[in-house]
Amino acid sequence: MLTTRFVTGAPNWLDLGTTDIDGAAAFYRGLFGWELRSAGSDSGGYGFFQLDGRTVAGGMQTPPEQGPPSWSVYFRSPDADATAEAAQRAGGAVLMAPDDVMDKGRLAFLRDSTGGVFGLWQPKRTRGVEVVGDPGSLCWIELYTLDVPAAAAFYHSILGLETSSMPFPGGVYTCVNPADGGEETVFGGIVPLADDPVERGAGAYWLPYFEVTDTDAVVARAEELGGTVRLPATTMEGVGRMAKLADPYGARFAVIRSEASPQ
């Protein structure tokens with residue numbers, strides 16, 4: 001499971017790039033109760049989405065030429081420069097070279113060998129988000145890709161991530177965890193694009209899941225706020241009740257009421 005005891009390879013940050021940060025902030029405030037706080041006058045417009053005073057994500061306005069609105073997931077690296085070099089050797093690409101974010105940490109953007117874009121965060125003063133797993137915060141991530149074995153090999157080679165197989169009705173799910181972490185540290189999965197009717201035809205990408213207390217109510221509220229339902233609320237035995245959504249500007253995410261979720 002996700003925790004804020006971040007180890008190498010664990011997701012430790014996520015943020016939203018959008019063409020309308022004010023509109024997006026209003027949407028997520030209405031959906032999850034988040035408040036967007038400025039990261040400061042020298043942050044280039046970057047802000048922190050907070051829930052009850054704790055940071056759950058970041059966000060900023062991005063120009064259309066930078067790509068469509070999307071959520072980005074970051075993984076903890078003890079050395080962003082070395083990890084970026086390893087990614088290139090493993091068939092990936094460096095989209096933004098490692099760079100210091102003031103005294104907060106060191107940031108890079110990469111593309112994996114199957115096309116999925118992700119970030120690296122080498123923490124300094126900012127370790128990562130301040131809450132995960134609670135309602136309104138990140139609880140799971142999934143990589144949708146055309147080549148599960150290649151993706152698994154890539155992330156293992158650069159971050160030491162390990163995979164395991166979990167049977168479920170209709171197939172097998174590939175789980176992901178940090179090195180030597182075992183089943184208790186699984187934080188996400190790798191899913192074949194061809195096997196998912198919602199994602200089929202899309203390019204590889206990481207999808208964040210946010211924990212909720214009532215999936216159906218959140219889906220209805222998302223529609224009221226101008227969002228799109230990509231997958232209606234669906235119950236998966238042993239997992240929970242989930243739905244896939246997009247905000248009014250097209251950024252994709254998912255919500256889930258986990259079977260063992262907090263009340």
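**Aromatic pairs, salt bridges and a loop residue**

Y205 is buried, at 8% relative accessibility (buried means under 20% relative accessible area, exposed over 50%, partly exposed in between, with a 1.4 Å probe and protein chains only). The model is predicted: local features need pLDDT of at least 70, side-chain atom pairs count only at pLDDT 80 or more, and totals for chains, interfaces and linings use all residues. Residues are numbered from 1 along each chain as its sequence is written, and side-chain values use heavy atoms, with hydrogens and water left out.

**Around Y205**

- The rings of Y144 and Y205 are stacked, because their centres are 5.9 Å apart and their planes are at 20° (rings of Phe, Tyr and Trp, the last by its six-membered ring, pair if their centres lie within 6.5 Å; planes under 30 degrees apart count as stacked, over 60 as edge-to-face and the rest as tilted).
- This pair links distant parts of the chain, with Y144 in strand β9 (residues 138-145) and Y205 in strand β13, 61 residues apart (helices, H or I with at least four residues, and strands, E with at least two, are DSSP runs numbered from the N terminus).
- The charged end of R252 sits over the ring of Y205, 3.6 Å from the ring centre (the criterion is NZ of Lys or CZ of Arg within 6 Å of the ring centre and within 35 degrees of the ring normal).

**Other aromatic pairs**

- The structure holds 29 aromatic pairs.
- W34 and W71 form an edge-to-face pair, since their ring centres are 6.0 Å apart and their planes are at 85°.
- W34 lies in the loop between α1 (21-32) and β2 (35-38) and W71 in strand β5 (residues 70-76), so the pair ties together parts 37 residues apart in sequence.
- Both W34 and W71 are buried.
- Ring pairs also join W34 and W71 into a cluster with F27, Y28, F32, F49, F210 and F253.

**Salt bridges**

- The count is 11 salt bridges (a side-chain nitrogen of Lys or Arg within 4 Å of a carboxyl oxygen of Asp or Glu).
- E199 and R230 form a salt bridge with an N to O distance of 2.9 Å.
- E199 is in the loop between β12 and β13 and R230 in strand β14 (residues 228-236), 31 residues apart, so this pair links distant parts of the chain.
- E199 is buried, with a relative accessible area of 0%.
- D216 and R241 form a salt bridge at 2.6 Å, N to O.
- D216 is in helix α4 (residues 215-224) and R241 in strand β15 (residues 240-246), 25 residues apart.
- D216 is partly exposed at 38%, and R241 is partly exposed at 27%.
- R221 and E224 form a salt bridge at 3.1 Å, N to O.
- R221 and E224 are 3 residues apart in helix α4, which means a separation of about one helical turn.
- R221 is partly exposed at 34%, whereas E224 is exposed at 61%.
- D81, D100, R106 and K124 are linked in a network of salt bridges.

**Loop position A202**

- A202 is in the loop between β12 (188-192) and β13 (205-211).
- A202 is partly exposed, with a relative accessible area of 24%.
- Leaving aside neighbours within four places in sequence, A202 is in contact with L193 and R252 (contact means heavy atoms within 4.5 Å).
- The C-alpha atoms of A202 and T145 are separated by 8.8 Å, and the two residues are 57 residues apart along the chain.
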